[in-house]
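Subject: Structure for your review

Dear colleague,

Please find the structure for your review below. My findings follow it.

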Protein chains: 2
Amino acid sequence: MAVLFPGLRATAKWLKSQPASPLAAFGGGIPSFNMKPSMLPQHAALGHIRLVHAAGDKSRPGNGTGPRRLPFATVNEQDLDYFRRLLPGRTITDPDLLQSGNEDWLKSVKGSSEVLLRPQSTEEVSQILRYCNERRLAVNPQGGNTGLVGGSVPVFDEIILSTALMNQVMSFDHVSGILTCQAGCVLENLSSYLEEKDFIMPLDLGAKGSCQIGGNVATNAGGLRLLRYGSLRGTVLGLEVVLADGKVLNCLATLRKDNTGYDLKQLFIGSEGTLGVITAVSILCPRKPRAVNVAFLGCSTFQQLLETFQCCRGMLGEILSAFEFLDSACMRLLEKHLKLVNPITESPFYIVIETAGSNAAHDEEKLHNFLETVMESSLVTDGTVATEDAKIKALWAMRERVTEALTHDGYTYKYDISLPVEKIYQLVTDMRHHLGDRAKNVVGYGHVGDGNLHLNITSPTKDPALLAAIEPYVYEWTAGCRGSISAEHGLGLKKKNYIYFSKPPEAVALMGNIKSMLDPHGILNPYKTLPDNLR
Amino acid sequence: MAVLFPGLRATAKWLKSQPASPLAAFGGGIPSFNMKPSMLPQHAALGHIRLVHAAGDKSRPGNGTGPRRLPFATVNEQDLDYFRRLLPGRTITDPDLLQSGNEDWLKSVKGSSEVLLRPQSTEEVSQILRYCNERRLAVNPQGGNTGLVGGSVPVFDEIILSTALMNQVMSFDHVSGILTCQAGCVLENLSSYLEEKDFIMPLDLGAKGSCQIGGNVATNAGGLRLLRYGSLRGTVLGLEVVLADGKVLNCLATLRKDNTGYDLKQLFIGSEGTLGVITAVSILCPRKPRAVNVAFLGCSTFQQLLETFQCCRGMLGEILSAFEFLDSACMRLLEKHLKLVNPITESPFYIVIETAGSNAAHDEEKLHNFLETVMESSLVTDGTVATEDAKIKALWAMRERVTEALTHDGYTYKYDISLPVEKIYQLVTDMRHHLGDRAKNVVGYGHVGDGNLHLNITSPTKDPALLAAIEPYVYEWTAGCRGSISAEHGLGLKKKNYIYFSKPPEAVALMGNIKSMLDPHGILNPYKTLPDNLR
């Protein structure tokens, strides 16, 4: 099943004109197109196949809808000998030890890799890739394996290349705040390391205890501080990357400004390990703020929440570091599954506001003035403020632990949507109306400041009929607002075929050219990011 | 003359292994290599040829050292007919009108183009490029023509494609602060447009009265607000680009977050018009700060200036929006050539600090505390503060008009260097010592907050002996500190062959592959950005 939007003859033509690659693997080829009214021009869907597949099926995961295994070589004893010589004691073939590397955090995607490699150095990564490229062995680069779109685990028997042992800080400059480290450093460890030096990482995520900086960069992770410190495209100053053929690309600059030629590192940020393996990162870290405050507020309507956001940006200005929201459905899940206690009176919407600044008295005065304004104008119905670490953490948990609460509510269909901020909750409302009582829960939360909604729909069990009701509806709705069908999670395995809802065919074709240029044999993280019609 | 650093066998080998392209045009081919001690590994120089050339010489500009004209077609009457039909009244062939498009702002590079096109729409740009690509006519995209490295003017008879008439604002979203406009909008006009809406552009440059946003993005302009709002790689949210073959790449998203595939727009940011012509930009604009203060301070040593910077970052924190410096040599030029009056007592170094915040009382208190601290600890010897617009402008002029003052001091050799911040003034001191009385003036100014030094050396007239003393010394010095030989100006025509001082050969080779992929006939801004040995 596939959808074509009106005015998209060019797309269809373009798709049909693509040579039938020997690597083409879209469940039997490019699907046929049906016309579908009322959609945006310049966006096409290539079908909506959900790739949740069973373990151990090497030919075709899922119920016949997933990709076919591409004709890569299979790891043999000679290969294992080579790896064991190169990485003595760090070439893992024990099935029990492989288990966690084969399955994603959500337990929604499971590969059947039989070898996991744990290099410690860039040179080792280079030798692994050179060998695999010559042998046509597919490789799945893996960081903390916390991704939500099936990008971090093998689909078939790809070799897992884990960066877990590449966990050394290489340098930190106290004057400039520039940190240089290996890709496998865990985000939380880097945060602790910097905290002692009075700095912080420019990004923070719920997965910080496991996720690695290399994976963060490879997936262009967003998270909770983006509103204040901007995206990794600005804060990452340099990368070291090993290309598919083993060549080491050293762009590990530690300069804030460098306009000597094309900025190659940008190619690898957000490319989900499909263009190269990031082995080291240099990143600009902000000073640790002297004062942090968190407010947890309740609003009666989403319109009032938006007005509160506008007021907040004006009155808190440069000290605003996060403006997050969750709806009452999220709160019910937190209470039910995690026994968290709502710190304020029940409301349809909840806001988490964080301020971070250099002068506690100033920040408290700004926050006080803001709260007075929004309470007096009845934009906000109730609220509580924390300035102490423990209470700050408790308030943040109400937002950070929603993902965890959802895992206890049944099978979860997850969507990570970017929209014009004034539209982000309308999608939740429309979806609830659209699904009626077919869904157990339809909940919305996310980063208001970034226009990023996390829409989650739960069901007692996996439910193909429910899925058919959700997709392509959710993608069409998003494309209709010129939104992004993946704001921060990436495309990975699960979302790659929906790329045309957010990118025009010319752009996707160019992405394919870049992939072919950098990885001509397609060994790096195959079946991910790019749609199946490309390769 | 060329230099090779020790440990660079791989570089030499790589260079020698490059196929002799029919387009190779490095004044007679790749120069031979001499070994040079005491330099960093992984950086190689490909000679240092200064490309200041005379007008009208179509075969080889300069005194035999510039590039040769590549075998592009020459514009004929049929071509002009086509352009006149496509752009009636906007196909300029009058030599007087062509004059300003052929010469750069510094009057250091002059081309001999005989036609300048003024499209108004993306569709017109697309038709121009499709035609030129088929006809193998070279094209020089041109914005405000304010570049300092000869990137914005033709080298020979390239067709000038001016974006000047593409000057419409397409949309502005008051909630998100996202502006979408055509590439030819002048930066200052956009600033005025936004000011009325209580927003500002995230970048500000001395050239704002002429430079265009498309050119700003194409050159990844830095400027005076980078310290606060980050680089264009973070603030540019979307681009529309016309590729060499006329294809329109619509990545004009207006979303803060979008992780659907590779971020193609990054390829075009900073590629100096060599990969595509930017026709529209969407950019995230900050709220207009409610309070702005500027302090102009004097320091006795550069070490004290650096300590003032550290103190400033701690005490002004989130309201610090600029930390700029100039030395006493700059001040003398401002006084002599522009009759500006030093607002404080004479000092070896001067600092311009700007704060921008949401609460005037808080900002003034922070600034007051900071000034008290640095005066009491004798880090700063004298200073003055402005809060009113006119005085703020007057203080900023001391920093912004240094470039202008230099043009009155004789022939100027300009360098735009990125270094670890603690090293930025050592290069000026070392250069003064190195040149002795061969230079008229050696001055340093720039963006301390970004580690970006503008080193300028003046001479009564053009002086090849002086140039030979400056280069490659300045580049070797920079490479020795792992700095960038072009922090924000780009490479253009003048600096392209020095790229190996800041980028390893593998990276430059990959840039060449990207160029070949996107512009296989090399028609877009030829002779720029990439070194001559590549094409």
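Which residue forms a salt bridge with Asp450(A)? The partner is Lys257(B), with the closest N and O atoms 3.3 Å apart; a salt bridge here is a side-chain nitrogen of Lys or Arg within 4 Å of a carboxyl oxygen of Asp or Glu. Between chain A and chain B the count is eight salt bridges.

This is a predicted model, in which local features need pLDDT of at least 70 and side-chain atom pairs count only at pLDDT 80 or more, while totals for chains, interfaces and linings use all residues. Residues are numbered from 1 along each chain as its sequence is written, chains are lettered from A and ligands numbered from 1 in the order in which they are written, and side-chain values use heavy atoms, with hydrogens and water left out.

The contact (heavy atoms within 4.5 Å) takes 84 residues from chain A and 84 residues from chain B. About 6,900 Å² is buried between the two chains, and carbon and sulfur atoms give 55% of that area (accessible area, 1.4 Å probe, lost on putting two parts together, summed over both). Lys257(A), Asn259(A) and Tyr262(A) supply 15% of the area that chain A buries against chain B, more than any other three residues.

Yours sincerely
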